[in-house]
Amino acid sequence: MDRSASTCSDQGTGSAAQPFCTVQSAVDAAQPGEIVLIANGTYSGFVVHHSGTPTAPITIKAQNYDPSGCDVCLYGNGTTPAATLDGVHDVRIQQLSLFSGANSDAVALAGAQSVTLDQDSVFLSPQNAGAAASAAVVRIGTGSSSIALTRSTLQVDATGYGLRVEPGTSGIQVASDTLGGDGQPALSVSGGSGVDIAGDSLWSWNASALTVDGSSIGVSVENTTLYTDVRGGPTAPVVSVAADSVAGVHEDYNALNVFPKSTPEYDWGGTPIATTAAFAAATTQGAHETDQVPVVSLASPSSEGSGLIDSGDAQAPGELSTDLYGNPRVRDPQVSATGSAGGYVDRGAIEFQDPIQDPVLTPASTGVVPFSVTVAPGPETAWKKALRVTVDFGDGTSPVSEPAGQGAEHIYTMPGRYTETAVTTDTDGSTHSSQHGVDVLTTTPVHALFSASSGAFASGAQGEVVPGYFTFSTVGTADAWEIRNERIDYGDGTSDALGTPYHSYRSIGVYHPSLTVTDLLGRTSTTTTTVIVGDELVPLSFADAYRSYDSSWAWAGDHAIPAHGTLRVSATTLQARNSGNDADAVVLNVSVPVARSVGYLTVFPEGTARPAAPTVSFTAGRSTSNQVTALIGKDGYIDLYNGSNSPLPLTIDTYATQNHNWEAFAYQPLAPSRILGLQGSGAAVAGRGSTSVSVTAAAGVPADARAVLLAVTASAGHGAGSVTVYGDSQKMPNTPALSWASGQTVENLVLVPLTNGKVVLHNGGSGQVLLRADVLGYDSQTMGSTVHLPVAPTLFLDTRHGFGAPARQLAPHQSLRVRVAGVGGLPTTGVAAATINVTVLGSTASGYLEVHPDGSSPVADVPAVHWATGQTVSGAWVTRVGADGYVDLYNGGSRPVSVVADLSGIDYLYSAPAS
């Protein structure tokens, strides 16, 4: 039976395919000659109701027997023993671990005949204190006969008897057992008849080890060790035989000891007898009794020369040919045999065996497949006995048996971890079992599959990440058992054991951590993966942007950038390095109110080479704005270069920062979606007027979006003006998103914190203007699975010089496919969006440029930039990237133009482990 089997049923027949679930059901179904096999596990006890026959007993035993453990454990229920045999016959209970109930015996027999308890471990549980002081580990009750208790261990963990033999019992064999008692005898015979006690080890605390009373007859006690410790209770002899039973007891060849020594060793018919010598002198019993064996040796003759070895009576009634562990009774040639003729037995439950050493495994326990090993018997024993070794190599092949002088050879042909079991036997039958672990490794060092995953909040929504935090693991490694240790080099100058599989990177970038694996033979292999450490968006304020710099401020004087000069602005001024906001980049709106001459402005990190592509291009008398995500230089500054021949007025508004130390907002790109204006035209907004637009109603923008990225276009303005974009219900900031001169069409990106799911666009001019707004994406905390990786502006396209594309202008109404993934060492896969700046030059007619992910069609009327005839324009754009890592640029004009583009950052998608 097997309660753990998914197919078990107490309604079936107890087959291997459908075992019983409970022991009781299996025992109830057992018929004469059948065996109840109990699988490993813990079960309730049982009552035997059916009997076997002398030639076909019912057997109840463990399916897998391990004498060193409790593989099959049965417990009494409340006051019920673990096993009860009442009025049944011809039953065997073998190799079970049985525990008493709360106030009961562990095993109880009454009126039972021909019952054997063999190789069992039986325990009187600690719950049996107080009221259960009279409980017994095993009780053989009235009317029981032909009962054998052999090769078993009876242990008391509470006050009670070990074995209790009650009146009206007969034919009891107690052989090769260890029996314990506490406050009661280890073995008590009361009114029994024909009780053979042979080759046992008895011990008891605060009580006699053996008592016989109740007019017992035919009691034989031989070859047994007995020990009593009464230091904690009333004086009790080791052996106590009542006057009514003295004539019915035969005792000899036993070894006794008692603590303290002043305690008499016997009480024989009411007369205390101090020693074994005095016992032999005073009675006709015990001529071969001894009390000269140390207490420590009474349980086992653990060393050569013990007085217990070969000093017993081989013909003792009930003596077995094997000891507690199933070992044979053997002759020890190192001692003088003092026992009776006709055989050799030791006193006590354990027979001292030929001291056989472990066989030798050569050449080693670890090797590479095919791995040849030899298991050879150890050196000849002190008994001068020839040895034979039988080896099961643990790989499913048949065991190999070889005599002394020859080793059992074997070749392991498959990698694996095996347990080799060797049984060494001498010519007398003494055996010694030993095991070796054998590790057979693959021919090449194992390569673990190395994985890095972005850290996620335990309670966060799916996709929420902690920037810079990664966990590492080895997954899918079939041969992981070959690995001795694993060490990670995180790629940032630090390393650690895999036992600490998490790491926080201090700086953004692309890292290549590696895992070095060392196998059991010391061979190493290294596997490398890639992790992307990026930022999340931290809005400066949910209310409005912040004017960080204005060259017209009165207190500052005229700080226009000199012609061909550079303005250096600190991150602190830009609100990017204060209050713990140690940002990597800052999201700015850079505006040239009224340029004095044609030219351009380039924004780049301090300490780096100035890029060739401009950030803002302008013409004299016009207002120009552009959003830029500017990477901060290593010393905490950004540089702005004036590429014109005149001083350049300038304003800088800070919208947000990008920071890898904050768990903030991740960008989710969308296909452009118009929320204000119609196809081909804008919505008219009166001078000084405002319009409120719902953003979360637009496709793909969730209700919990915290900021939105808009592309805003103003055209057909009646006079000069500006537009300011801000969250609904918020105070209008003094930071216009874009400005225009009369008749000018301008566009810009605007990052707007959301409130109530709406944004407001305010026309700051005195005349009407047409406004269009398209949603490009949004920022969210709960839906985010991307990080932003800002970089110094990196050129990836210049059609004038054949960089990134053939050296020719982009023809009208044609698209140019350009790769952005992998630019400047950035990732080649997983790029969700790219922040680019495009510049159009050489126009001979007006037009516009659209940017969209490769593999998709252009989104009509959602341009990145417009231009007039002969005008050079620059504009920022955030675009989704095609699955192939490319974007397409579409010339919507009627004449060819040259295009220059640089990359200032990507949004990397953590949709899967970065491995």
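Buried means under 20% relative accessible area, exposed means over 50%, and partly exposed is anything in between, with a 1.4 Å probe and protein chains only. This is a predicted model, in which local features need pLDDT of at least 70, side-chain atom pairs count only at pLDDT 80 or more, and totals for chains, interfaces and linings use all residues. Residues are numbered from 1 along each chain as its sequence is written, and side-chain values use heavy atoms, with hydrogens and water left out.

**Exercise 1. Find where S146 and S114 sit, and say how exposed each of them is.**

Step 1: S146 belongs to strand 13, residues 145–150, and S114 to strand 10, residues 113–118. Strands here are DSSP runs of E with at least two residues, helices are runs of H or I with at least four, and both are numbered from the N terminus.

Step 2: Check the accessibility. S146 has 43% relative accessibility, so it counts as partly exposed. S114 is partly exposed too, because its value is 32%.

Step 3: Look at the backbone. Phi is near 55 degrees for S146, a positive value in a residue other than glycine. For S114, phi is near 50 degrees, again positive in a residue that isn't glycine.

**Exercise 2. Describe the overall build of the chain.**

Step 1: Count the elements. You get 2 helices and 71 strands.

Step 2: Compare with a globule. A compact globule of 915 residues would have a radius of gyration near 29 Å, but this chain has 47 Å. That radius is taken over C-alpha atoms, and the globule rule is 2.2 Å times the number of residues to the power 0.38.

Step 3: Get the dimensions. The C-alpha trace spans about 135 × 60 × 55 Å along its principal axes.

Step 4: Look inside. Of the 915 residues, 55% count as buried.

**Exercise 3. Work out which residues L387 touches, and whether L387 is buried or exposed.**

Step 1: Locate it. L387 is in strand 32, which covers residues 387–392.

Step 2: Check its cover. With a relative accessible area of 6%, L387 is buried.

Step 3: L387 and S430 are 43 residues apart in sequence, yet 9.6 Å apart in space, C-alpha to C-alpha.

**Exercise 4. Name the residues that touch the most other members of the largest nonpolar core.**

Step 1: Know the term. A nonpolar core is a set of buried Ala, Val, Leu, Ile, Met, Phe, Trp, Tyr and Cys residues joined through side-chain atoms within 4.5 Å.

Step 2: Read off the names. Among the 67 residues of the largest core, they are F46, L96, L98, V138 and L163.

Step 3: Look for another core. A second, separate one has 63 residues, including I488, V517, L889 and Y910.
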